[in-house]
Amino acid sequence: MYPSRFGYEAPKTIDEAIAILDKYAGEAKVLSGGQSLIPVIKLRFAAPEMLVDINGIPGLDYNRVDPDGSIHIGALCRHEDLENNELMEKHAPTIAAAAPLVSDPIVRTRGTFVGSVCHADPQGDWAATMTAMGGHIVAQGPNGTREIAMNDFVIGPFQNTLAYNEIAIEAVIPAPKGVRVGSYLKLERRVGDFATASVAVSLEMNGETVIGAGIALASVGGRTIDATAAAQSLVGNKITPELIAEVAAAVAATAEPRTDHRGSSDYKRQIVKTFVTRILTGLATTSQKAA
Amino acid sequence: MTSLYDEVQAPPAEGVPTRRVTIKVNGADRTVDVEPRLLLAHLLRQGLKLTGTHSGCDSSNCGACVILFDGRPIKSCTMLAVQADGHSLETVEGLASASELHPIQEGFKEEHGLQCGFCTPGMMLAAKALLEVNDDPTEDEIRWALSGNLCRCTGYQNIVKSVLWAAKKMRAEAN
């Protein structure tokens, strides 16, 4: 498979990259990990005139936790950088749980967290994780930077709200109010396949009491599903089996799965319910032990 | 200078821009002119005649085209040749020396880790990347590290044994 012809530039600074995007007025695409973009151009689902390869721009490969507790992931942080990563295990357990489940180990050496969020695949692990954690994207364009909350960033399948001359340079997850806990579960037929259903949960705890809750779903609808509203009955309460059952049912009701070769829509909805129950039960046990 | 279009396709039409790139392949610098859309797997196979890198599914699934890019395993069908400019690649041709096999190759021979051999180059390079960061992997860790590489013959059992064999030999050699 061959992509259509395109031009290629490998700028050394973000400003240069933005200038090229600006010049091509919507006909240029940013190439970071390329693990979605290159297959898409090989299949000729996209035929950009120009690829702007940002891999040579220094200083974008970081993942760090700032003193205020906010998490920052640069545009060239690869999936594998977030695997077995002590900072993420401590401060962003949902990210730590999802990292080893993204695609397959070879794709993870190259694909990027921010690129995956921008790709906005309804099956994407990171868009769901960012949504559950209440993250935002920092976009840089000719007039400086702006922050875009996840719900305003991914607006549909493969659709984000970056302007043609903007680059997503960083993903940010704000500091938690209390202690952040969470997890990610994904059912896939085999490694690297599209998932049957995935659930991201991120809670903020004060002792055994939940003070903030975010849940998002991937692969069970035409877009990343923000189920945070369905999780709000957790807030202000300890996690009890009754509450888990209520939230799991409410979250499953937000799923919009379609029957396909990976399972019926009822089956997928049941998986969502089971995953929410498993994650919350696990978090309840850990918070009891910690308290 | 190598023309990369002899077998890949007709030479680029007049006016189609190419870029000159220099890539270290198995330790030697290679300078070539490539059209930006040329895939790295095709540069290796057709351009540089290194046909040990296999092109299996051509859709980022199978891992037969895995090579090491600055030491990390990547799918060479999912990277552009121009992206390798200034980088260092290792293909299966870089494993054996003139006189002896690499321990990973020996392991595949000793433990019957291949049948048709199509997936083997990718398997061996993914295994090499694993052993560089973990010289004593468990069977589970090997299965996990190779989970992006498909084999349609062996059922994986002997591939895992081959990597265990290689790890043991490489540890013994290091001591």
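The following legends describe close-up views of a predicted model.

Local features require pLDDT of at least 70 and side-chain atom pairs count only at pLDDT 80 or more, whereas totals for chains, interfaces and linings use all residues. Residues are numbered from 1 along each chain as its sequence is written, chains are lettered from A and ligands numbered from 1 in the order in which they are written, and side-chain values use heavy atoms, with hydrogens and water left out.

**View 1. An open sheet of three strands in chain A, in the order β1-β3-β2.** The pairing is parallel; two strands pair if DSSP finds at least two bridges between them. Strands (E, at least two residues) and helices (H or I, at least four) are DSSP runs, numbered from the N terminus. β1 (7-9) and β2 (28-31) of chain A are the edge strands, each pairing on one side only. On average, neighbouring strands of the sheet are turned by 25 degrees against each other, direction ignored. Four bridges join β2(A) to strand β3 (residues 50-53) of chain A, and A:Ala28 has A:Met50 in β3(A) as its bridge partner.

**View 2. A salt bridge between A:Glu80 and B:Arg72.** A salt bridge is a side-chain nitrogen of Lys or Arg within 4 Å of a carboxyl oxygen of Asp or Glu; the count over all chains comes to 23. In the pair of A:Glu80 and B:Arg72, the closest N and O atoms are 2.5 Å apart. A:Glu80 lies in the loop between β5 (71-74) and α3 (86-91) of chain A and B:Arg72 in strand β4 (residues 72-75) of chain B, so the pair joins two chains. B:Arg72 is partly exposed, at 29% relative accessibility; buried means under 20% relative accessible area, exposed over 50%, and partly exposed in between (1.4 Å probe, protein chains only).

**View 3. The salt bridge of A:Glu83 with A:Arg108.** The closest N and O atoms are 2.9 Å apart. A:Glu83, in the loop between β5 and α3 of chain A, and A:Arg108, in helix α5 (residues 105-108) of chain A, are 25 residues apart, and the pair links distant parts of the chain. A:Glu83 is buried at 17% relative accessibility, and A:Arg108 is buried at 2%.

**View 4. The crossing of helices α3(B) and α6(B).** The axes of α3 (residues 103-110) and α6 (residues 157-174) of chain B come within 8 Å and cross at roughly 135 degrees. That angle makes α3(B) oblique to α6(B); angles under 35 degrees count as roughly parallel, over 145 as roughly antiparallel, 65 to 115 as roughly perpendicular and the rest as oblique. Residues making the contact include B:Phe108 of α3(B) and B:Trp165 of α6(B).

**View 5. Positive phi at B:Lys49 and at B:Tyr156.** Most residues other than glycine have a negative phi. Phi is near 60 degrees at B:Lys49, in the loop between α2 (40-47) and β3 (66-69) of chain B. B:Lys49 is partly exposed, with a relative accessible area of 46%. Phi is near 75 degrees at B:Tyr156, in the loop between α5 (139-145) and α6 of chain B. B:Tyr156 is partly exposed at 25% relative accessibility.

Notes. Axes fitted to C-alpha atoms, helices over the stretch in contact; angles between N-to-C directions. Left-handed = near helix turned anticlockwise from the far one by under 90°. Contact = heavy atoms within 4.5 Å.
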